[in-house]
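Have a look at the fold below.

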Amino acid sequence: MSGNGRQAERRGVGGLAEGIGFFLKGVGWVARKPRWWLFGLIPALIALVLYAVALIWLGTHATDVAAWVTPFADDWGWHDAFRTLVGIMIFVVGLGLAVFTFTAVTLAIGDPFYEKLSEKVEEDLGGLPDGPDVPFWRSLFRSIRDSVITLLYVLMFTLPLFVLGFVPVIGQTVVPVLGAIVSGFFLTVELTALAMERRGIPRRERLTLLRSNMAVSLGFGIPIFLLFLVPLVAVIVMPGAVAGAAMLVRLRLAHPQRA
């Protein structure tokens with residue numbers, strides 16, 4: 001097969017399969033090293049507890065929040081039914097935000113944990129790459145900043161999709177597919193950040209690199225996103241996703257001179 005053929009394959013179904021393969025390799029790596037899998041569970045468990053508490057509070061106070069945001073409905077004869085509907089919508093929005101922000105928050109909480117896990121993966125693959133020696137506090141600040149920027153990008157795309165979700169037919173067919181594509185891509189952005197930062201690749205260049213390998217990026221991120229829709233599964237899968245992202249960057253995405 002010619003070089004052009006191989007490149008075309010990577011950009012099509014072959015690229016999607018390659019991305020899925022890196023995720024499965026990451027899961028396999030942590031399955032063979034249960035100590036590192038347990039180590040990687042800690043941040044996700046912390047995030048899960050925080051989100052559970054927040055969602056329980058929102059679920060039990062949704063009607064009160066609805067009353068606070070709809071003071072104009074005080075004199076309506078059907079204000080109770082209206083506010084119940086608004087409360088349900090508020091909880092659904094909160095649940096959606098929890099799903100879309102879980103990874104970013106977990107990565108921010110677990111930066112030192114996932115940094116060690118990602119480094120261990122690369123050591124097993126032949127050693128850490130040469131990169132800038134960045135102090136921990138600066139790396140943590142940059143990680144939080146990049147996560148916030150990525151989250152803003154996600155919201156910029158997902159909020160219009162949320163509104164389109166109420167459109168008959170389109171909201172039940174096209175919108176979920178587009179949502180999975182957008183969320184899967186930005187999930188790959190988040191998960192590969194550690195390994196790319198280790199190589200000194202700035203955020204804009206990381207986005208360009210992932211866009212130029214879109215099929216692989218989506219093949220890696222979409223299955224993880226679908227699994228992350230189930231909170232408990234997200235906790236279990238996160239260490240494997242981090243390990244797979246390190247492999248994806250090292251073996252497929254990073255420039256040769258940075259590998």
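The largest nonpolar core has 50 residues, and those touching the most other members are Trp29, Tyr114, Leu191, Phe220, Ile224 and Phe228. Such a core is a set of buried Ala, Val, Leu, Ile, Met, Phe, Trp, Tyr and Cys residues joined through side-chain atoms within 4.5 Å; buried means under 20% relative accessible area, exposed over 50%, and partly exposed in between (1.4 Å probe, protein chains only).

| Element | Residues |
|---|---|
| helix 2 | 13-32 |
| helix 3 | 34-69 |
| helix 4 | 79-109 |
| helix 7 | 174-198 |
| helix 8 | 203-212 |
| helix 9 | 214-228 |
| helix 10 | 231-253 |

Helix 5 also belongs on that list, and helix 10 provides the largest share of the core, 13 residues. Helices here are DSSP runs (H or I, at least four residues), as are strands (E, at least two), numbered from the N terminus.

This is a predicted model, with local features needing pLDDT of at least 70 and side-chain atom pairs counted only at pLDDT 80 or more, while totals for chains, interfaces and linings use all residues. Residues are numbered from 1 along each chain as its sequence is written, and side-chain values use heavy atoms, leaving out hydrogens and water.

Back to Phe220: setting aside neighbours within four places in sequence, its contacts (heavy atoms within 4.5 Å) include Phe22, Phe23, Leu191 and Leu248. Across the protein chain there are ten helices and zero strands, and 41% of the 259 residues count as buried. Among contacts with a separation of 6 or more, 80% link residues 24 or more positions apart.

Now for helix 5, which has 14 residues and reaches 20 Å from first C-alpha to last, close to the 20 Å expected at 1.5 Å a residue (that is, 1.5 Å times one less than the number of residues). Its buried residues include Tyr114, Leu117 and Val121, but also Asp111, Glu115 and Glu122. After the helix comes Gly126, with a positive phi near 130°.

Beyond four places in sequence, Glu119 touches Leu128 and Arg198.
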